[in-house]
Amino acid sequence: MTLKEIQQQLAPELERMNNEIVAMLHSSNPLINEIVTRYLKVKGKQIRPLLVLLSAGMFGKITEKAIVAGASVELLHNASLVHDDVIDETKMRRGEMTINGIWDNRIAVLMGDFFVSSALCKAIETDNIRIINSVTRLGLLLSTGELDQIFNAMDHSLSEESYFRIIYHKTASLFISCVEIGAFAADAPEEQIKLLSEYARLLGLCFQIRDDIFDYFSDEKIGKPTGNDLREGKVTLPLLHTLITPGIEGSEEMKALVKKEQLTNQEINSLIEFAKANGGIDYAYETMERLRREAEGVLCQLPQNETVDVLRQLFDFVIAREK
């Protein structure tokens, strides 16, 4: 089953969830409504809402509580994207101008706050303390991940342990929250919630590694080679592996480069080519395959049904996706 087929299978529930988001964000303020309408016009693949629905559906009917909980976590996710665009000075997302690109940082930060508050209101609507706790804790983890990444860039920390801690906080935590709240809404058995959460952790780590690979290639099918991570001092897994592996010629010179406050385009290209030439990309793919095997071991412990098969296919999609 392809991602499109998964989306089609859950289309009525996704539509209800998106309608919850639109209704929650409606305001008496014309500027807010204009921004929200423009922002919601383009949707991503909605993998995270799909995880909420799949998790809830695994344990019975997808209830209104699950729909509202999914809207909550998606609102919080969008809040983090709005704030990230300000931090990274991003002017385009999903082929459209960002809020800070059209208006300014002041309005974008306030709109991000508006999304956060809306997310919390939706969580409270579920009247489920475990869902509320998951969503509020998620906000803490997402913020921690971004601050960890900034600190690592300032401190020039080069270790896989630090890298995986960052991507756990900034990405995997969101995937975990999605399956948790779906399972909480369906009153799932505790042991199966733990298994789903571990699957989601592995999926989230894999998702971020795949995202990080995009920055190393010029093929339009894979992604545009902006080198933005390196410009911001972020050393991701492909380059990190080549810098910390003993015996690679030129690694000390490359380490000196990543410690510079500002890199030229030529220096960024040198780092990218160094990572590619010394097995960094291969290592990142090998790591994703290892995570897939671990996830399969987790899924095998769940009752085998159509939803578990879809979760397997979702993992395949995350590794194979080209944008």
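**View A. Glu267 and Lys260 pair up in a salt bridge, with their closest N and O atoms 2.6 Å apart.** A salt bridge here is a side-chain nitrogen of Lys or Arg within 4 Å of a carboxyl oxygen of Asp or Glu. Glu267 counts as buried, at 16% relative accessibility, while Lys260 is partly exposed, with a relative accessible area of 36%. For these labels, buried is under 20% relative accessible area, exposed is over 50%, and partly exposed is in between (1.4 Å probe, protein chains only). A word on the source: this is a predicted model, where local features need pLDDT of at least 70 and side-chain atom pairs count only at pLDDT 80 or more, while totals for chains, interfaces and linings use all residues. Residues are numbered from 1 along each chain as its sequence is written, and side-chain values use heavy atoms, with hydrogens and water left out.

**View B. Arg292 reaches Asp316 in a salt bridge, the closest N and O atoms being 2.2 Å apart.** Arg292 sits in helix 15 (residues 280–299) and Asp316 in helix 16 (residues 306–320), so the pair ties together parts that are 24 residues apart in sequence. Helices are DSSP runs (H or I, at least four residues), numbered from the N terminus. Both ends are partly exposed: Arg292 has a relative accessible area of 26%, and Asp316 comes in at 36% relative accessibility.

**View C. Arg16 and Glu64 meet through their side chains in a salt bridge (3.0 Å, N to O).** Arg16 belongs to helix 2 (residues 11–25) and Glu64 to helix 5 (residues 64–88), so this pair ties together parts that are 48 residues apart in sequence. Arg16 is partly exposed, at a relative accessible area of 34%; Glu64 is partly exposed too, at 42%. The structure holds 17 salt bridges, and Glu20, Lys122 and Glu125 are linked in a network of them.

**View D. Glu180 is buried yet has no salt bridge.** The nearest side chain of opposite charge, Arg137, is 5.8 Å away; in this count Lys and Arg are positive, Asp and Glu are negative, and His and the chain ends are not counted. What does the Glu180 side chain join up with in a polar contact? That would be the side chain of Ser134, at 2.9 Å. A polar contact is a pair of N or O atoms within 3.5 Å; within protein, one must be able to donate a hydrogen and the other to accept it, and residues adjacent in sequence count only if both atoms are side-chain atoms. Leaving aside residues up to four places away in sequence, Glu180 touches Ser134 and Ser197, where contact means heavy atoms within 4.5 Å. Glu180 itself is found in helix 9 (residues 160–185).

**View E. Helix 12 (residues 237–244) and helix 14 (residues 265–277) cross at roughly 75°, their axes coming within 8 Å.** The axes are lines fitted to C-alpha atoms, for helices over the stretch in contact, with angles running from 0 to 180 degrees between N-to-C directions. The two helices are therefore roughly perpendicular to each other, a label for angles of 65 to 115 degrees. Pro238, Leu239, Thr242 and Leu243 from helix 12 meet Leu271, Phe274 and Ala275 from helix 14.

**View F. Gln46 has a positive phi, near 55°, in a residue other than glycine.** Gln46 lies in the loop between helix 3 (30–40) and helix 4 (47–57), and counts as buried at 14% relative accessibility.

Notes. Angles under 35 degrees count as roughly parallel, over 145 as roughly antiparallel, 65 to 115 as roughly perpendicular and the rest as oblique.
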